[in-house]
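Subject: Structure handover

Hello,

Here is the structure for you to look over. My notes follow below it.

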Amino acid sequence: IKETALAEANAAADAAALEEVRIKYLSRKGLLQDVMAQLKDVPNEEKPLFGKGANQLKQELTALIKEKQAVLSTGSRGNSCFDPTLPGQWPALGSEHPISKVTARIVEIFQTLGFTVADGPDVETVWNNFDALNTPADHPSRDEQDTFYLNSGDLLRCHTSPVQVRYMESHTPPIRIIAPGRCYRRDTPDATHSANFHQVEGLFVAEDVSMADLKGTLAYFAKQFLGEDVKIRFRPHFFPFTEPSFEVDFFFEVGGKARWIEILGAGMVDPEVFKKVGYDPDKVTGFAFGMGIERLAMIMYGIKDIRNLYENDVRFLSQF
Ligand code: PHE
């Protein structure tokens, strides 16, 4: 009986046939019960052997049926739990951050003019962030109230201008770079201030670079960035590292109304800066500019609170 039972179980071609074998041998009215019923008629000394044999049959048959059930249920003919025709589950797609978007567009425009991307670290030396940029020892931006100083004596850069210094100290003119990156200032966060923000720096140094080149470059940028109708104007300003210095406004339409909006700081590189980085101010001239990315993104997308840009709320971010 053992051999036929195991052979029948092995031969079962599908789950139904297997179930029949199970019922035939293992159910309450099955053949194995009949065998067990015979136990009382077996002579006493043979009982242990008989019982052992019957138990072994039960165990082996049960195990075999279980194993075959598992194989048949996952096989292609059984009730498959894997259906390759069901559509897959797509991971939720993210979207580009508005800061990244605006930065990429600015960089792209300047690249068409031959500017290459340069960068520098967030932790800077006082020399790169202030001294080499001709910033006097008593300049307010050096104040601990405004700049994050580290115990090491270094600081978190408060603008991307130190990349100018790094690049000039390690390259000879002519140079034409654009440098996007993070900046840090000790501002109390509110709707328009963040202690961590982003700038894009630009620097062009060669023989005979003039104010006309600066104006032409920025006008080209403005048109590419905001469209042919945009106008630009230069307002005199002061930066320690440029002379003359300007704040540059763009005139364009925001929320259905055209108006002048301050976009960037710029100027002709101060000869003192050239001296500090080892360039000869009698041989080269240059212009530099720096613009805040958050402000641009907020104006372009109508974002009212700068903090929205840092909260990483997908409901906000997925709109851009
Ligand atoms: N570094 C200046 C700022 O953070 C911007 C600037 C860069 C101005 C380059 C002139 C030239 O405000």
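S161 has a polar side-chain atom 2.9 Å from a nitrogen atom of the ligand. That is a polar contact, a pair of N or O atoms within 3.5 Å. H159 has a side-chain N or O atom 3.0 Å from a nitrogen atom of the ligand. R185 puts a polar side-chain atom 3.0 Å from an oxygen atom of the ligand. Taken alone, the ligand exposes 330 Å², and the protein buries 89% of that. These areas come from the Shrake-Rupley method with a 1.4 Å probe.

Two notes on the source. This is a predicted model: local features need pLDDT of at least 70, side-chain atom pairs count only at pLDDT 80 or more, and totals for chains, interfaces and linings use all residues. Residues are numbered from 1 along each chain as its sequence is written, and side-chain values use heavy atoms, leaving out hydrogens and water.

Now the rest of the ligand site. There are 14 residues around the ligand, each with a heavy atom within 4 Å of it. H159, S161, R185, Q199 and G290 come nearest. Strands β5 (196–206), β8 (257–269) and β9 (285–292) each give two or more residues to this shell. β9 gives the most, with 3 residues. Strands here are DSSP runs (E, at least two residues) and helices are runs of H or I (at least four), numbered from the N terminus.

Next, helix α1 (residues 2–11). A5, L6 and A9 are buried there, meaning under 20% relative accessible area. They cover an arc of only 95° around the axis, so they lie on the same side of α1. The arc is taken from the directions from the helix axis to the C-beta atoms. E3 and A11, on the other side, are exposed, which is over 50%, with partly exposed in between (1.4 Å probe, protein chains only).

Some backbone points to check:

- P173 and P174 are joined by a cis peptide bond, omega about 5°. P174 lies in the loop between α7 (162–170) and β4 (175–184).
- E243 to P244 is also a cis peptide bond, with omega near -5°. P244 is in strand β7 (residues 242–254).
- N134 is not a glycine, yet has a positive phi of about 65°. N134 sits in the loop between α6 (126–129) and β3 (155–156). N134 counts as partly exposed, at 22% relative accessibility.
- D208 is not a glycine either, and has a positive phi of about 60°. D208 lies in the loop between β5 and α8 (211–226). D208 counts as exposed, at 69%.

Best wishes

Note on methods. A polar contact is a pair of N or O atoms within 3.5 Å; within protein, one must be able to donate a hydrogen and the other to accept it, and residues adjacent in sequence count only if both atoms are side-chain atoms.
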